[in-house]
Amino acid sequence: MRRIAGSARYFRSALRHRKFDYWSSFTTSPKDLTENYHNGAYGVANNAEIESFLRSKFMVSRALSTDAAASASIGEVHRAAAGPLVEYERRIIAGELLDGDVCQLGTLGELQRLYDELVESADACKLDRYSSSEKSGRSRWLWSRLLPQSSYSPVKGLYLYGGVGTGKTMLMDLFFYQLPCNWRKKRIHFHDFMLNVHSRLQKHRGVSDPLEVVAGEISDEAILLCLDEFMVTDVADALILNRLFRHLFSNGVILVSTSNRAPDNLYEHGLQRDLFLPFISTLKERCVVHEIGSSVDYRKMTSAQQGFYFVGKDSSEVMKRKFRDLIGEHEAGPQEVEVVMGRKLQVPLGANGCAYFEFEELCDKPLGAADYFGLFKIFHTLALEGVPVFGLHNRTAAYRFVTLVDVMYENRARLLCTAEGSPFQLFNKIVTISDAQQMAPRTSSRSMKNDEADLCVDNELGFAKDRTISRLTEMNSKEYLEQHAAMLAAKQLS
(Lines give C-alpha, C1' and ligand atoms only; values in the text may rest on other atoms or scores of the structure.)
Protein backbone atom coordinates (compact mmCIF):
# COMPACT_ATOMS: atom_id res chain seq x y z
CA MET A 1 0.00 0.00 0.00
CA ARG A 2 2.82 2.42 0.88
CA ARG A 3 4.60 1.55 -2.33
CA ILE A 4 1.49 2.37 -4.37
CA ALA A 5 0.80 5.60 -2.52
CA GLY A 6 4.44 6.64 -2.88
CA SER A 7 4.40 5.88 -6.59
CA ALA A 8 1.15 7.76 -6.99
CA ARG A 9 2.57 10.81 -5.15
CA TYR A 10 5.69 10.68 -7.31
CA PHE A 11 3.57 10.42 -10.44
CA ARG A 12 1.25 13.29 -9.51
CA SER A 13 4.29 15.43 -8.70
CA ALA A 14 5.79 14.62 -12.10
CA LEU A 15 2.51 15.48 -13.78
CA ARG A 16 2.31 18.86 -12.02
CA HIS A 17 5.86 19.57 -13.10
CA ARG A 18 4.96 18.70 -16.71
CA LYS A 19 1.59 20.49 -16.56
CA PHE A 20 -0.18 17.18 -17.37
CA ASP A 21 -3.50 16.01 -15.98
CA TYR A 22 -3.55 12.24 -16.31
CA TRP A 23 -6.62 11.69 -14.19
CA SER A 24 -8.94 13.49 -16.62
CA SER A 25 -7.10 12.33 -19.75
CA PHE A 26 -3.76 10.80 -20.52
CA THR A 27 -2.06 13.87 -22.01
CA THR A 28 -4.36 16.85 -21.92
CA SER A 29 -1.59 19.45 -22.16
CA PRO A 30 1.34 17.86 -23.99
CA LYS A 31 2.85 21.11 -25.17
CA ASP A 32 6.36 20.44 -23.92
CA LEU A 33 6.49 16.84 -25.18
CA THR A 34 4.85 17.35 -28.56
CA GLU A 35 4.78 20.07 -31.14
CA ASN A 36 3.31 20.93 -34.52
CA TYR A 37 -0.19 19.79 -33.69
CA HIS A 38 -2.21 19.99 -36.90
CA ASN A 39 -5.52 18.36 -37.82
CA GLY A 40 -5.36 16.04 -34.82
CA ALA A 41 -1.82 14.71 -35.44
CA TYR A 42 0.93 14.96 -32.83
CA GLY A 43 4.63 15.15 -33.70
CA VAL A 44 7.03 13.91 -31.02
CA ALA A 45 9.47 16.59 -29.98
CA ASN A 46 11.84 14.57 -27.82
CA ASN A 47 11.75 10.76 -27.69
CA ALA A 48 14.01 10.56 -24.65
CA GLU A 49 11.81 12.98 -22.71
CA ILE A 50 8.54 11.25 -23.55
CA GLU A 51 10.08 7.86 -22.75
CA SER A 52 11.16 9.20 -19.36
CA PHE A 53 7.64 10.45 -18.70
CA LEU A 54 6.04 7.17 -19.75
CA ARG A 55 8.47 5.22 -17.60
CA SER A 56 7.49 7.28 -14.55
CA LYS A 57 3.88 6.56 -15.36
CA PHE A 58 4.68 2.85 -15.49
CA MET A 59 5.78 2.94 -11.84
CA VAL A 60 2.14 3.42 -10.94
CA SER A 61 0.85 0.63 -13.16
CA ARG A 62 3.47 -1.81 -11.83
CA ALA A 63 2.35 -1.06 -8.28
CA LEU A 64 -1.27 -1.39 -9.30
CA SER A 65 -0.74 -4.73 -11.02
CA THR A 66 0.75 -6.13 -7.81
CA ASP A 67 -1.54 -4.67 -5.15
CA ALA A 68 -4.69 -3.60 -7.00
CA ALA A 69 -7.05 -5.18 -4.49
CA ALA A 70 -5.34 -3.51 -1.54
CA SER A 71 -5.52 -0.10 -3.20
CA ALA A 72 -9.22 -0.15 -4.07
CA SER A 73 -9.94 2.45 -1.40
CA ILE A 74 -7.57 5.03 -2.90
CA GLY A 75 -9.88 6.89 -5.26
CA GLU A 76 -7.36 8.60 -7.52
CA VAL A 77 -5.18 5.53 -7.98
CA HIS A 78 -8.22 3.34 -8.60
CA ARG A 79 -9.14 5.36 -11.67
CA ALA A 80 -5.80 4.44 -13.27
CA ALA A 81 -6.35 0.72 -12.58
CA ALA A 82 -8.19 0.06 -15.82
CA GLY A 83 -7.58 0.37 -19.51
CA PRO A 84 -5.01 -0.69 -22.09
CA LEU A 85 -2.06 0.76 -20.17
CA VAL A 86 -2.50 -1.50 -17.13
CA GLU A 87 -3.18 -4.56 -19.32
CA TYR A 88 -0.05 -3.85 -21.39
CA GLU A 89 2.06 -3.69 -18.23
CA ARG A 90 0.47 -6.91 -16.92
CA ARG A 91 1.48 -8.69 -20.13
CA ILE A 92 5.03 -7.39 -19.89
CA ILE A 93 5.32 -8.63 -16.29
CA ALA A 94 3.88 -12.00 -17.39
CA GLY A 95 6.48 -12.23 -20.16
CA GLU A 96 3.85 -12.15 -22.90
CA LEU A 97 5.23 -8.95 -24.45
CA LEU A 98 8.66 -7.37 -24.86
CA ASP A 99 9.38 -4.20 -22.88
CA GLY A 100 11.14 -1.09 -24.08
CA ASP A 101 9.48 0.03 -27.36
CA VAL A 102 8.97 3.78 -26.87
CA CYS A 103 6.86 3.94 -30.05
CA GLN A 104 4.38 1.44 -28.63
CA LEU A 105 4.36 3.34 -25.32
CA GLY A 106 3.46 6.57 -27.14
CA THR A 107 0.63 4.78 -28.92
CA LEU A 108 -0.56 3.34 -25.61
CA GLY A 109 -0.73 6.90 -24.29
CA GLU A 110 -3.14 7.80 -27.08
CA LEU A 111 -5.22 4.67 -26.49
CA GLN A 112 -5.37 5.29 -22.72
CA ARG A 113 -6.38 8.90 -23.36
CA LEU A 114 -9.20 7.71 -25.61
CA TYR A 115 -10.22 5.02 -23.09
CA ASP A 116 -10.44 7.61 -20.28
CA GLU A 117 -12.44 10.05 -22.44
CA LEU A 118 -14.88 7.30 -23.44
CA VAL A 119 -15.41 6.18 -19.83
CA GLU A 120 -16.07 9.76 -18.73
CA SER A 121 -18.37 10.49 -21.69
CA ALA A 122 -20.10 7.10 -21.93
CA ASP A 123 -23.57 8.56 -21.36
CA ALA A 124 -23.08 11.45 -23.77
CA CYS A 125 -21.75 9.03 -26.40
CA LYS A 126 -24.70 6.64 -25.83
CA LEU A 127 -22.36 3.67 -25.55
CA ASP A 128 -24.56 1.55 -23.25
CA ARG A 129 -26.49 -0.85 -25.49
CA TYR A 130 -29.23 -1.27 -22.88
CA SER A 131 -30.11 2.42 -22.63
CA SER A 132 -29.75 3.30 -26.33
CA SER A 133 -32.47 3.82 -28.90
CA GLU A 134 -34.20 0.76 -30.32
CA LYS A 135 -34.99 2.39 -33.67
CA SER A 136 -33.96 0.28 -36.68
CA GLY A 137 -31.80 1.67 -39.45
CA ARG A 138 -34.78 2.16 -41.79
CA SER A 139 -36.84 3.71 -39.00
CA ARG A 140 -33.94 6.05 -38.19
CA TRP A 141 -33.83 7.03 -41.87
CA LEU A 142 -37.59 7.82 -41.84
CA TRP A 143 -37.30 9.97 -38.70
CA SER A 144 -34.31 11.79 -40.17
CA ARG A 145 -36.47 12.76 -43.14
CA LEU A 146 -39.08 14.26 -40.82
CA LEU A 147 -36.71 15.76 -38.20
CA PRO A 148 -33.26 16.29 -39.72
CA GLN A 149 -30.58 16.32 -37.02
CA SER A 150 -27.01 15.24 -36.38
CA SER A 151 -25.35 14.03 -33.20
CA TYR A 152 -21.57 14.05 -33.52
CA SER A 153 -19.72 12.34 -30.69
CA PRO A 154 -18.01 14.65 -28.18
CA VAL A 155 -15.04 12.25 -28.35
CA LYS A 156 -12.77 12.01 -31.37
CA GLY A 157 -11.61 8.62 -32.62
CA LEU A 158 -8.07 7.44 -33.34
CA TYR A 159 -6.35 6.51 -36.60
CA LEU A 160 -3.14 4.50 -36.02
CA TYR A 161 -0.75 3.97 -38.90
CA GLY A 162 2.77 2.66 -39.32
CA GLY A 163 4.96 -0.04 -40.81
CA VAL A 164 4.18 -3.75 -40.83
CA GLY A 165 4.55 -5.82 -37.68
CA THR A 166 4.82 -2.81 -35.33
CA GLY A 167 1.98 -3.99 -33.10
CA LYS A 168 -0.92 -1.86 -34.40
CA THR A 169 -3.46 -4.68 -34.36
CA MET A 170 -2.25 -6.01 -31.00
CA LEU A 171 -2.54 -2.57 -29.39
CA MET A 172 -5.99 -1.90 -30.85
CA ASP A 173 -7.22 -5.31 -29.67
CA LEU A 174 -5.72 -4.69 -26.24
CA PHE A 175 -7.73 -1.43 -26.11
CA PHE A 176 -10.92 -3.01 -27.45
CA TYR A 177 -11.05 -5.93 -25.03
CA GLN A 178 -10.62 -3.66 -21.99
CA LEU A 179 -13.88 -1.85 -22.81
CA PRO A 180 -17.07 -2.68 -20.87
CA CYS A 181 -19.07 -5.60 -22.28
CA ASN A 182 -22.34 -3.65 -22.28
CA TRP A 183 -21.05 -1.01 -24.70
CA ARG A 184 -22.12 -0.85 -28.32
CA LYS A 185 -18.75 -1.74 -29.83
CA LYS A 186 -17.49 -3.78 -32.78
CA ARG A 187 -14.05 -4.91 -33.93
CA ILE A 188 -13.82 -6.07 -37.56
CA HIS A 189 -11.31 -6.30 -40.42
CA PHE A 190 -11.77 -3.55 -43.02
CA HIS A 191 -12.28 -6.08 -45.85
CA ASP A 192 -15.06 -7.78 -43.89
CA PHE A 193 -16.61 -4.44 -42.94
CA MET A 194 -16.88 -3.28 -46.57
CA LEU A 195 -18.32 -6.64 -47.67
CA ASN A 196 -20.97 -6.21 -44.99
CA VAL A 197 -21.71 -2.66 -46.21
CA HIS A 198 -22.18 -3.79 -49.83
CA SER A 199 -24.41 -6.67 -48.70
CA ARG A 200 -26.62 -4.23 -46.74
CA LEU A 201 -26.77 -1.86 -49.72
CA GLN A 202 -28.16 -4.70 -51.83
CA LYS A 203 -30.84 -5.32 -49.22
CA HIS A 204 -31.94 -1.66 -49.25
CA ARG A 205 -32.08 -1.09 -53.00
CA GLY A 206 -34.94 1.22 -53.88
CA VAL A 207 -34.51 3.53 -50.89
CA SER A 208 -33.64 7.12 -51.90
CA ASP A 209 -30.43 7.05 -49.82
CA PRO A 210 -29.50 3.44 -48.95
CA LEU A 211 -26.14 4.56 -47.52
CA GLU A 212 -27.95 6.55 -44.84
CA VAL A 213 -30.04 3.50 -43.94
CA VAL A 214 -26.95 1.29 -43.80
CA ALA A 215 -25.14 3.85 -41.63
CA GLY A 216 -28.17 3.90 -39.32
CA GLU A 217 -28.09 0.12 -38.95
CA ILE A 218 -24.34 0.06 -38.26
CA SER A 219 -24.53 2.84 -35.68
CA ASP A 220 -27.47 1.13 -33.94
CA GLU A 221 -25.26 -1.94 -33.53
CA ALA A 222 -21.99 -0.19 -32.66
CA ILE A 223 -21.14 3.38 -31.65
CA LEU A 224 -17.47 2.46 -31.20
CA LEU A 225 -16.20 0.95 -34.46
CA CYS A 226 -12.70 -0.60 -34.53
CA LEU A 227 -11.47 -1.33 -38.08
CA ASP A 228 -8.26 -3.27 -38.62
CA GLU A 229 -6.08 -2.83 -41.73
CA PHE A 230 -7.78 0.19 -43.30
CA MET A 231 -6.68 -0.07 -46.94
CA VAL A 232 -8.64 1.25 -49.95
CA THR A 233 -7.85 -0.39 -53.28
CA ASP A 234 -11.32 -0.86 -54.78
CA VAL A 235 -12.92 2.03 -56.68
CA ALA A 236 -16.40 0.93 -55.55
CA ASP A 237 -15.31 1.29 -51.91
CA ALA A 238 -13.51 4.57 -52.56
CA LEU A 239 -16.58 6.23 -54.07
CA ILE A 240 -18.91 5.51 -51.13
CA LEU A 241 -16.60 5.91 -48.12
CA ASN A 242 -17.05 9.68 -47.70
CA ARG A 243 -20.87 9.61 -47.71
CA LEU A 244 -20.97 6.46 -45.58
CA PHE A 245 -18.71 7.85 -42.86
CA ARG A 246 -20.30 11.29 -42.92
CA HIS A 247 -23.57 9.54 -42.01
CA LEU A 248 -21.81 7.35 -39.41
CA PHE A 249 -20.06 10.29 -37.74
CA SER A 250 -23.31 12.26 -37.83
CA ASN A 251 -24.92 9.36 -35.94
CA GLY A 252 -22.27 9.62 -33.22
CA VAL A 253 -19.96 6.79 -34.35
CA ILE A 254 -16.40 6.88 -32.99
CA LEU A 255 -13.79 5.28 -35.27
CA VAL A 256 -10.62 3.55 -34.13
CA SER A 257 -8.58 2.18 -37.02
CA THR A 258 -5.20 0.73 -37.94
CA SER A 259 -3.49 1.08 -41.31
CA ASN A 260 -0.13 0.86 -43.05
CA ARG A 261 -0.87 4.16 -44.79
CA ALA A 262 -1.14 7.72 -43.52
CA PRO A 263 -4.57 9.24 -44.29
CA ASP A 264 -3.14 11.45 -47.05
CA ASN A 265 -1.69 8.37 -48.77
CA LEU A 266 -4.89 6.30 -48.81
CA TYR A 267 -6.03 5.24 -52.30
CA GLU A 268 -2.98 6.96 -53.77
CA HIS A 269 -3.10 7.12 -57.60
CA GLY A 270 -6.49 5.36 -57.54
CA LEU A 271 -9.17 5.88 -60.17
CA GLN A 272 -11.28 9.03 -59.60
CA ARG A 273 -9.27 9.81 -56.47
CA ASP A 274 -10.53 13.41 -56.52
CA LEU A 275 -13.92 12.03 -55.40
CA PHE A 276 -12.18 10.21 -52.52
CA LEU A 277 -10.26 13.22 -51.17
CA PRO A 278 -13.21 14.64 -49.14
CA PHE A 279 -13.18 11.40 -47.11
CA ILE A 280 -9.57 12.05 -46.07
CA SER A 281 -10.58 15.48 -44.75
CA THR A 282 -13.56 13.94 -42.89
CA LEU A 283 -11.31 11.24 -41.41
CA LYS A 284 -8.74 13.74 -40.11
CA GLU A 285 -11.51 15.95 -38.71
CA ARG A 286 -13.10 13.15 -36.67
CA CYS A 287 -9.96 11.21 -35.63
CA VAL A 288 -6.67 11.95 -33.93
CA VAL A 289 -4.00 10.69 -36.34
CA HIS A 290 -1.05 8.92 -34.69
CA GLU A 291 1.95 7.26 -36.31
CA ILE A 292 3.66 4.24 -34.75
CA GLY A 293 7.22 4.96 -35.77
CA SER A 294 8.80 1.66 -34.68
CA SER A 295 11.24 0.07 -37.12
CA VAL A 296 10.87 -3.35 -35.45
CA ASP A 297 8.81 -6.04 -37.21
CA TYR A 298 7.69 -8.17 -34.26
CA ARG A 299 6.23 -10.84 -36.56
CA LYS A 300 9.74 -11.63 -37.81
CA MET A 301 10.96 -12.07 -34.21
CA THR A 302 8.90 -15.25 -33.84
CA SER A 303 10.67 -18.62 -33.86
CA ALA A 304 10.16 -19.43 -37.54
CA GLN A 305 10.21 -23.00 -38.77
CA GLN A 306 10.11 -24.44 -42.30
CA GLY A 307 7.42 -27.06 -41.68
CA PHE A 308 4.63 -25.75 -43.93
CA TYR A 309 6.27 -23.45 -46.50
CA PHE A 310 7.97 -25.53 -49.20
CA VAL A 311 10.37 -24.31 -51.88
CA GLY A 312 11.98 -26.60 -54.46
CA LYS A 313 11.33 -29.08 -57.27
CA ASP A 314 10.10 -31.94 -55.09
CA SER A 315 8.03 -29.78 -52.77
CA SER A 316 4.67 -30.72 -54.28
CA GLU A 317 4.83 -34.36 -53.14
CA VAL A 318 6.07 -33.32 -49.71
CA MET A 319 3.09 -30.98 -49.25
CA LYS A 320 0.63 -33.62 -50.43
CA ARG A 321 1.98 -36.00 -47.79
CA LYS A 322 1.56 -33.27 -45.14
CA PHE A 323 -2.01 -32.70 -46.33
CA ARG A 324 -2.81 -36.42 -46.07
CA ASP A 325 -1.35 -36.45 -42.53
CA LEU A 326 -3.60 -33.55 -41.51
CA ILE A 327 -6.86 -35.07 -42.83
CA GLY A 328 -6.05 -38.41 -41.17
CA GLU A 329 -8.58 -41.15 -41.90
CA HIS A 330 -10.95 -38.78 -43.70
CA GLU A 331 -11.25 -39.03 -47.49
CA ALA A 332 -10.67 -35.82 -49.43
CA GLY A 333 -13.09 -34.99 -52.23
CA PRO A 334 -14.68 -32.08 -54.11
CA GLN A 335 -16.83 -29.77 -51.96
CA GLU A 336 -18.95 -26.68 -52.49
CA VAL A 337 -18.95 -23.63 -50.21
CA GLU A 338 -21.60 -20.91 -50.19
CA VAL A 339 -19.79 -17.59 -49.96
CA VAL A 340 -21.98 -14.49 -50.37
CA MET A 341 -25.34 -13.56 -51.92
CA GLY A 342 -25.93 -17.12 -53.13
CA ARG A 343 -22.56 -17.52 -54.85
CA LYS A 344 -20.80 -20.88 -54.57
CA LEU A 345 -17.06 -21.65 -54.46
CA GLN A 346 -15.87 -25.04 -55.70
CA VAL A 347 -13.26 -26.70 -53.49
CA PRO A 348 -11.23 -29.28 -55.51
CA LEU A 349 -10.30 -31.34 -52.44
CA GLY A 350 -11.52 -30.94 -48.89
CA ALA A 351 -11.71 -33.02 -45.70
CA ASN A 352 -11.47 -32.60 -41.92
CA GLY A 353 -11.37 -28.78 -42.14
CA CYS A 354 -8.55 -28.81 -44.72
CA ALA A 355 -8.87 -27.56 -48.32
CA TYR A 356 -6.49 -28.17 -51.23
CA PHE A 357 -6.20 -25.72 -54.15
CA GLU A 358 -3.89 -25.01 -57.06
CA PHE A 359 -2.78 -21.36 -56.94
CA GLU A 360 -4.57 -20.61 -60.23
CA GLU A 361 -7.89 -21.85 -58.84
CA LEU A 362 -7.87 -19.31 -56.01
CA CYS A 363 -5.90 -16.35 -57.36
CA ASP A 364 -6.19 -16.43 -61.17
CA LYS A 365 -9.99 -16.52 -61.12
CA PRO A 366 -12.28 -13.52 -60.43
CA LEU A 367 -12.49 -14.12 -56.68
CA GLY A 368 -12.20 -11.65 -53.83
CA ALA A 369 -12.36 -11.17 -50.08
CA ALA A 370 -15.98 -12.35 -49.88
CA ASP A 371 -15.04 -15.71 -51.40
CA TYR A 372 -12.05 -16.11 -49.09
CA PHE A 373 -14.04 -15.21 -45.96
CA GLY A 374 -16.67 -17.77 -46.99
CA LEU A 375 -13.99 -20.41 -47.51
CA PHE A 376 -12.48 -19.95 -44.04
CA LYS A 377 -15.84 -20.09 -42.31
CA ILE A 378 -15.75 -23.79 -43.26
CA PHE A 379 -12.05 -24.63 -43.48
CA HIS A 380 -9.27 -23.85 -40.99
CA THR A 381 -6.35 -25.05 -43.15
CA LEU A 382 -5.40 -24.28 -46.76
CA ALA A 383 -2.92 -26.25 -48.87
CA LEU A 384 -1.98 -24.01 -51.79
CA GLU A 385 0.17 -25.39 -54.60
CA GLY A 386 2.35 -23.37 -56.95
CA VAL A 387 2.63 -19.81 -55.62
CA PRO A 388 4.62 -17.97 -58.32
CA VAL A 389 7.05 -15.08 -58.27
CA PHE A 390 4.94 -11.96 -58.85
CA GLY A 391 5.57 -9.27 -61.41
CA LEU A 392 3.86 -7.16 -64.05
CA HIS A 393 2.47 -10.20 -65.90
CA ASN A 394 0.50 -11.48 -62.87
CA ARG A 395 -0.18 -8.29 -60.89
CA THR A 396 -3.90 -9.08 -60.49
CA ALA A 397 -3.08 -12.51 -59.04
CA ALA A 398 -0.66 -10.80 -56.63
CA TYR A 399 -3.46 -8.54 -55.38
CA ARG A 400 -5.68 -11.57 -54.79
CA PHE A 401 -2.89 -13.41 -52.99
CA VAL A 402 -2.36 -10.41 -50.69
CA THR A 403 -6.10 -10.40 -49.90
CA LEU A 404 -6.08 -14.19 -49.35
CA VAL A 405 -3.22 -13.93 -46.83
CA ASP A 406 -4.99 -11.03 -45.05
CA VAL A 407 -8.17 -13.10 -44.67
CA MET A 408 -6.25 -16.17 -43.50
CA TYR A 409 -4.34 -14.12 -40.94
CA GLU A 410 -7.54 -12.52 -39.65
CA ASN A 411 -9.09 -15.99 -39.21
CA ARG A 412 -5.89 -17.48 -37.73
CA ALA A 413 -5.98 -20.13 -40.49
CA ARG A 414 -3.07 -22.47 -41.20
CA LEU A 415 -1.25 -22.31 -44.54
CA LEU A 416 0.63 -25.07 -46.32
CA CYS A 417 2.08 -23.99 -49.64
CA THR A 418 4.61 -24.70 -52.34
CA ALA A 419 6.24 -21.63 -53.85
CA GLU A 420 8.87 -20.58 -56.37
CA GLY A 421 10.78 -18.70 -53.70
CA SER A 422 10.83 -17.34 -50.16
CA PRO A 423 8.16 -14.77 -49.19
CA PHE A 424 10.65 -11.98 -49.93
CA GLN A 425 11.60 -13.46 -53.32
CA LEU A 426 7.95 -13.76 -54.38
CA PHE A 427 7.52 -9.98 -54.23
CA ASN A 428 11.00 -8.87 -55.28
CA LYS A 429 9.71 -7.44 -58.59
CA ILE A 430 6.88 -5.46 -56.96
CA VAL A 431 8.01 -1.91 -56.16
CA THR A 432 6.51 1.45 -55.27
CA ILE A 433 6.99 4.52 -57.47
CA SER A 434 9.54 5.84 -54.98
CA ASP A 435 11.50 2.55 -55.11
CA ALA A 436 11.46 2.59 -58.92
CA GLN A 437 12.81 6.15 -59.03
CA GLN A 438 15.76 5.14 -56.86
CA MET A 439 16.75 2.26 -59.13
CA ALA A 440 19.78 2.75 -61.37
CA PRO A 441 18.69 3.56 -64.95
CA ARG A 442 19.57 1.15 -67.74
CA THR A 443 22.81 2.03 -69.56
CA SER A 444 24.48 0.74 -72.72
CA SER A 445 26.45 -1.73 -70.60
CA ARG A 446 23.23 -3.33 -69.35
CA SER A 447 21.48 -5.59 -71.81
CA MET A 448 17.70 -5.81 -72.12
CA LYS A 449 17.94 -9.45 -71.00
CA ASN A 450 19.40 -8.41 -67.65
CA ASP A 451 16.95 -5.56 -67.17
CA GLU A 452 13.88 -6.04 -64.95
CA ALA A 453 11.46 -6.48 -67.84
CA ASP A 454 8.73 -7.85 -65.54
CA LEU A 455 9.12 -5.11 -62.91
CA CYS A 456 5.71 -4.06 -61.53
CA VAL A 457 5.54 -0.45 -60.32
CA ASP A 458 2.42 -0.27 -58.16
CA ASN A 459 2.17 1.88 -55.02
CA GLU A 460 -0.68 -0.01 -53.31
CA LEU A 461 0.81 -3.43 -54.01
CA GLY A 462 4.28 -2.15 -53.17
CA PHE A 463 3.10 -1.12 -49.70
CA ALA A 464 0.93 -4.22 -49.22
CA LYS A 465 3.76 -6.63 -50.04
CA ASP A 466 5.64 -5.78 -46.82
CA ARG A 467 2.58 -6.73 -44.78
CA THR A 468 2.17 -9.99 -46.73
CA ILE A 469 5.84 -10.98 -46.39
CA SER A 470 5.64 -10.25 -42.65
CA ARG A 471 2.44 -12.27 -42.24
CA LEU A 472 3.69 -15.23 -44.26
CA THR A 473 6.74 -15.30 -42.00
CA GLU A 474 4.64 -15.22 -38.84
CA MET A 475 2.13 -17.78 -40.13
CA ASN A 476 4.97 -20.28 -40.39
CA SER A 477 6.17 -19.65 -36.83
CA LYS A 478 5.81 -21.89 -33.79
CA GLU A 479 3.85 -19.19 -31.93
CA TYR A 480 1.28 -18.73 -34.70
CA LEU A 481 0.76 -22.48 -35.16
CA GLU A 482 0.25 -22.85 -31.41
CA GLN A 483 -2.43 -20.11 -31.55
CA HIS A 484 -4.05 -21.97 -34.46
CA ALA A 485 -4.06 -25.24 -32.47
CA ALA A 486 -5.56 -23.48 -29.43
CA MET A 487 -8.30 -21.98 -31.60
CA LEU A 488 -9.20 -25.43 -32.99
CA ALA A 489 -9.24 -26.92 -29.50
CA ALA A 490 -11.57 -24.17 -28.27
CA LYS A 491 -13.95 -24.74 -31.21
CA GLN A 492 -14.09 -28.46 -30.51
CA LEU A 493 -14.99 -27.82 -26.87
CA SER A 494 -17.75 -25.31 -27.70
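Okay, a definition to start: two strands pair if DSSP finds at least two bridges between them, and strands here are DSSP runs of E with at least two residues, numbered from the N terminus, while helices are runs of H or I with at least four. This is a predicted model, so local features need pLDDT of at least 70 and side-chain atom pairs pLDDT 80 or more, while totals for chains, interfaces and linings use all residues. Residues count from 1 along each chain as its sequence is written, and side-chain values use heavy atoms, leaving out hydrogens and water.

So, the sheet. E9 pairs with E10, residues 344–351, antiparallel over five bridges; Glu336 has Gln346 in E10 as its bridge partner. Zooming out, that's part of an open, mixed sheet of six strands, ordered E8-E13-E12-E11-E10-E9. E8 (309–311) and E9 (333–338) sit at the edges with a single partner strand each, so one side of each has no neighbour in the sheet. On average, neighbouring strands are turned by 25 degrees against each other, direction ignored.

Next, helices. H10 (210–221) packs on H11 (235–250) at about 50 degrees, axes 9 Å apart; axes are lines fitted to C-alpha atoms, for helices over the stretch in contact, with angles from 0 to 180 degrees between N-to-C directions. Contact, meaning heavy atoms within 4.5 Å, involves residues including Leu211 and Ile218 of H10 and Leu244 and His247 of H11.

Last, cysteines. Cys354 is buried at 0% relative accessibility, and Cys363 is buried at 0% too; buried means under 20% relative accessible area, with a 1.4 Å probe and protein chains only.

Definitions and conventions. Buried < 20%, exposed > 50% of the residue type's maximum accessible area, 1.4 Å probe, protein only.
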